[in-house]
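Hi,

Here is the structure I promised to pass on.

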Amino acid sequence: MAAMPTTAHPAPEDGSPGYGDAFPKLLLVAPATATHSRLLHSLHLAGVAARPGGRDATGQKLFGARIVTDPASEWESLRPLVRAVVAFGADAWDASLRVLALEEAEFTHGESVAGTGDRPVTVVACLGLDDAALTDAMLADVLATGQRAAGLSWGCGGSAR
């Protein structure tokens, strides 16, 4: 008998495609996979991750959220689902705006750009997870902005809409 995986979302070997909920409302663009443990810890505090540990923590699962290193990697399949994107770092910000066909905007931590149309998506800028200037409080604020824009409430990613 084959062993059961220890994670609810097994981590892909090469870091892509993304990791997390297959039907996300919130997309997190975090290019540096080495920083994902910090992100998952913060997502746990926000009620979006089942555990504070990293991707390989037993029972780790994301609720309503997905982490990708490249926003283009899964955008076509995620387009009907995602309501908000949090982009970690200037490169992720630029790539997210490009993939969503939004007008270019200067990268500033906490800035957001909202699309228009029948299925608008909001993109929120965050300093890179490995940036020494990014405090836990700043990270929590940006994630809360992303959660609100995505319509995710605290605790298991329940829908606020």
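**What I found**

(Helices are DSSP runs of H or I with at least four residues, strands are runs of E with at least two, and both are numbered from the N terminus.) Most residues other than glycine have a negative phi. Ala101 is not a glycine, yet its phi is positive. The residue sits in the loop between α3 (90–99) and β5 (112–114). Is Ala101 buried or exposed? Its relative accessibility is 68%, so Ala101 counts as exposed. Here buried means under 20% relative accessible area, exposed means over 50%, and partly exposed is in between, with a 1.4 Å probe and protein chains only.

Before I go on, some ground rules: this is a predicted model, where local features need pLDDT of at least 70 and side-chain atom pairs count only at pLDDT 80 or more, while totals for chains, interfaces and linings use all residues. Residues are numbered from 1 along each chain as its sequence is written, and side-chain values use heavy atoms, with hydrogens and water left out.

Now the overall layout. The protein has four helices and six strands, which run β-β-α-β-α-β-α-β-β-α from the N terminus on. The six strands form an open sheet with mixed pairing, in the order β1-β3-β2-β4-β6-β5. β1 (19–20) and β5 stand at the edges with a single partner strand each, so one side of each has no neighbour in the sheet. Two strands pair if DSSP finds at least two bridges between them.

Within that sheet, β4 (residues 84–88) and β6 (residues 122–126) run parallel and are joined by five bridges. Val86 belongs to β4, and its bridge partner in β6 is Val124. Why does Val86 count as buried? Because its relative accessibility is 0%. Leaving aside residues up to four places away in sequence, Val86 touches Leu26, Leu27, Leu28, Val29, Val124, Cys126, Val142 and Gly146; a contact means heavy atoms within 4.5 Å. Val86 and Ala125 are 39 residues apart in sequence, but their C-alpha atoms are 6.0 Å apart in space.

Back to α3: its buried residues are Ala92, Trp93, Ala95, Ser96 and Leu97, and they pack against β2 (26–29), β4, β5 and β6. Over in helix α4 (residues 136–150) you'll find Ala149, which counts as buried because its relative accessibility is 18%. Ala149 and Leu26 are 123 residues apart in sequence and 8.4 Å apart, C-alpha to C-alpha.

Taking the chain as a whole, 47% of the 161 residues are buried. Of the contacts with a separation of 6 or more, 61% are between residues 24 or more positions apart.

What volume does the largest pocket have? About 200 Å³. Of its 13 lining residues, Trp75, Arg79, Leu100, Arg119 and Val121 are the closest to the centre. The lining divides into seven nonpolar, three polar and three charged residues. (On a 1 Å grid over the protein atoms alone, a pocket is an open set of points where a 1.4 Å probe fits, with protein on both sides within 12 Å along at least five of seven lines; lining residues have an atom within 4 Å of a point. The volume is the space filled by probe spheres set on the points, which are joined across faces, edges and corners. Ala, Val, Leu, Ile, Met, Phe, Trp, Tyr, Cys and Pro count as nonpolar, Asp, Glu, Lys and Arg as charged, and the others, Gly among them, as polar.)

Cheers
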